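Trainee: Could we go through this one together? I'd like to start with the pocket and then move on.

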Amino acid sequence: MIDSLPRRAVLCSLIAGLGAGALAVNAQAATTMDFSNEYNASSIHAEGDAWFIDRVEELTDGEVDITLHTGASLGFRSGDHFYAVADNAVQIADSLSGTLGGIDPIFLLSSLPFLADDVESAKRLYEIARPEYAEVFEDNNQILLYASPWPASGIWSEEPVTDMEGLQDLKIRTYDRNGTEILRNAGASPVKLSWADVVPQLATGGIEAVLTSAESGANGSFWEHLNDFSAIKYAIPLNMVHMNRNVFESLSESQQDAILQAAEETDAHNWEVVQERVAQNYETLESHDVAIHDPIPEDFRAGLEEAATPVLENWLDNIGERGQKIIDEFNQTQASD
């Protein structure tokens with residue numbers, strides 16, 4: 001019985017119990033989330049996501065614990081992420097925008113060919129269109145946190161592809177509908193593949209070229225299969241990082257503010273990093289004896305742009321007035337530069 005114990009022992013026992021209880025409460029208070037990304041940990045996107053997670057941890061004093069899963073380790077690829085996040089199968093995801101084109105054509109905007117072929121214009125296009133992106137996510141129980149731009153897409157190949165003839169019947173991987181249409185128009189034999197399937201298809205000969213950035217090729221060690229990179233500067237596609245709205249709203253107001261602040265900072269961070277990445281990627285490619293064709297011949301560029309014209313027209317037909325407004329505003333800002 002307590003009365004038979006020395007007073008000091010009783011007090012120590014009570015204090016220890018209270019301390020254990022406080023630790024249990026703190027442990028329970030930490031909110032845990034899973035964050036899915038199909039690219040590998042050294043990719044520009046995974047590194048940006050890790051930067052976001054670190055900022056959230058700092059801003060919430062560890063109250064929000066987010067675990068990043070790269071390489072599609074949760075079983076989700078970009079094309080799966082939209083509904084996986086909407087259904088809370090995963091709380092946050094980093095998704096290649098073009099893979100969501102079947103949900104809404106707005107997601108094909110950043111990969112429209114030769115519309116925005118440098119980082120500054122791609123950022124301007126994103127800022128103009130962001131409210132449209134955000135609305136689609138909002139209508140599907142999600143919030144848009146930030147974008148992750150890729151360096152400009154080019155063509156990785158076994159043999160140099162520096163003219164339209166080099167594209168004829170070329171079995172080339174594309175990442176969305178836009179790329180498939182333009183390369184088919186140009187005479188190639190495009191195959192739309194998720195990133196996780198690219199290297200296995202290269203290894204088995206299922207494809208012989210890839211439409212993607214120098215960044216992706218470097219991360220995928222493409223030099224083990226391909227010898228050339230042609231910087232056609234086709235587009236600067238975006239990844240979208242999106243979060244389940246119910247999970248977001250379950251957080252305290254201060255935690256929500258921290259998530260949004262970290263997202264805003266990560267957005268700015270990612271656009272700065274992408275400008276530095278091309279030079280780093282080229283150094284890596286050169287160290288592995290990859291031939292880099294930058295710039296490409298003007299007649300090759302002109303041929304690709306001609307093949308691309310119907311793609312923009314088809315996109316405008318599908319999306320209607322809201323797409324035309326974005327393009328018009330973007331063209332006005334380009335003309336004023």
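Trainee: How many nonpolar, polar and charged residues are in the lining of the largest pocket?

Mentor: The lining has 10 nonpolar, 2 polar and 4 charged residues, where Ala, Val, Leu, Ile, Met, Phe, Trp, Tyr, Cys and Pro count as nonpolar, Asp, Glu, Lys and Arg as charged, and the others, Gly among them, as polar. This is a predicted model, in which local features need pLDDT of at least 70 and side-chain atom pairs count only at pLDDT 80 or more, while totals for chains, interfaces and linings use all residues. Residues are numbered from 1 along each chain as its sequence is written, and side-chain values use heavy atoms, with hydrogens and water left out.

Trainee: Which helix gives the largest share of that lining?

Mentor: Helix 9 (residues 253-287) does, with 5 residues; helices here are DSSP runs of H or I with at least four residues, and strands are runs of E with at least two, numbered from the N terminus.

Trainee: Switching topic, where does Leu226 lie?

Mentor: Leu226 sits in the loop between helix 7 (214-219) and strand 9 (228-230).

Trainee: And why does Leu226 count as buried?

Mentor: Because its relative accessibility is 1%, and buried means under 20% relative accessible area, with exposed over 50% and partly exposed in between (1.4 Å probe, protein chains only).

Trainee: What is Leu226 in contact with?

Mentor: Leaving aside neighbours within four places in sequence, Leu226 is in contact (heavy atoms within 4.5 Å) with Trp156, Ser157, Glu158, Leu202, Glu208 and Val210. Leu202 is 24 residues away in sequence, yet the C-alpha atoms of Leu226 and Leu202 are 8.6 Å apart in space.

Trainee: What about just after helix 10?

Mentor: Gly320 takes a positive phi of about 80° there.
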